[in-house]
Amino acid sequence: MKKDDIITLPNAHLRQKSAKVHVVTDDTRQLVADMTSASLDWEDSRPHEISAALAAVQIDRHDRVVIIRSDFEDKSTREFTPLVNPEIVKGEGQKITDYEGCLSVDGVYGKVPRWEKVRVRALDLDGNEIRFKAEGFLARVIQHEVDHTNGLLFVDHIRGQRDGFYTLNAEGELEPLDYDEYIADNHALWDGIDDQD
Ligand code: ZN
């Protein structure tokens, strides 16, 4: 799949919950292959960004499947770890606020509070249960992806935070976005949520 198969806001499908995968099959494995190729095609089109992870909902498939980059530091390592039905069993430590972006939220970054450490339960692509602990950026990425399976986006956590939103400039550096001008009435970000209120 290609980067154009990745859906972005205001596509309302991003705010739908995904369904649990009851049995891991070849369909699941094909889904993971499609997500991986779409992520890498997106990354190849971006000079300053890495594709850290993707959830199936982002290619418009509402299955609880996510892929997480195996090495966030090395763009030449183009491998991902798939997690089926991922759950945060427990958040631990403090909530840490740090930068976050999303392939489905074009041009907007945010500072989002997340648990410092998480305990995770999921299935692997053979259908076996796996449990592990994660911390730091990996913990952040997993919380972001589990949110996707529940129809939540990072911007939903920081709506109203006037100093919470950023964009990438041409040099690849994050700079603050004026809340009133770019965020407050940005229909691409908030359409769909307001309808549910
Ligand atoms: Zn995302």
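The face of helix α1 turned away from its buried side carries the exposed residues Asp26, Gln30 and Asp44. The model is predicted; local features need pLDDT of at least 70 and side-chain atom pairs count only at pLDDT 80 or more, whereas totals for chains, interfaces and linings use all residues. Residues are numbered from 1 along each chain as its sequence is written. A residue is termed buried if 20 or more other C-beta atoms, placed from the backbone, lie within 10 Å of its own, exposed if 12 or fewer do, and partly exposed in between. Helices (H or I, at least four residues) and strands (E, at least two) are DSSP runs numbered from the N terminus.

Buried in α1 are Leu31, Val32, Met35, Ala38, Ser39 and Trp42. Seen down the axis of α1, the buried residues fall within an arc of 130 degrees, so they line one face of the helix; the arc is that of the directions from the helix axis to the C-beta atoms. The cover of these buried residues includes β1 (53-55), β2 and β3.

Strands β2 (residues 65-69) and β3 (residues 80-102) run antiparallel and are joined by 5 bridges, with Val65 opposite Val84 in β3. Two strands pair if DSSP finds at least two bridges between them. Strand β3 is also joined to β4 (residues 105-123), antiparallel, by 13 bridges, and Ile96 stands opposite Arg114 in β4. A hairpin is formed by β3 and β4, with 2 residues between them.

The largest nonpolar core has 41 residues, of which Met35, Leu54, Ala56, Val66, Ile67, Ile68 and Ile142 touch the most other members. Such a core is a set of buried Ala, Val, Leu, Ile, Met, Phe, Trp, Tyr and Cys residues joined through C-beta atoms within 7 Å. Two or more residues each are given to this core by α1, β1, β2, β3, β4, α2 (136-149) and α3 (154-157). Strand β4 supplies the largest share, 8 residues.

Val120 lies in β4 and counts as buried because it has 21 C-beta neighbours inside 10 Å. Leaving aside neighbours within four places in sequence, Val120 is in contact with Pro86, Ile88, Val89, Arg131, Phe132, Ala134 and Ile142, contact meaning C-beta atoms, placed from the backbone, within 7 Å. The C-alpha atoms of Val120 and Phe132 are separated by 5.4 Å, the two residues being 12 apart along the chain.

Conventions. Two residues are in contact if their C-beta atoms, placed from the backbone, lie within 7 Å.
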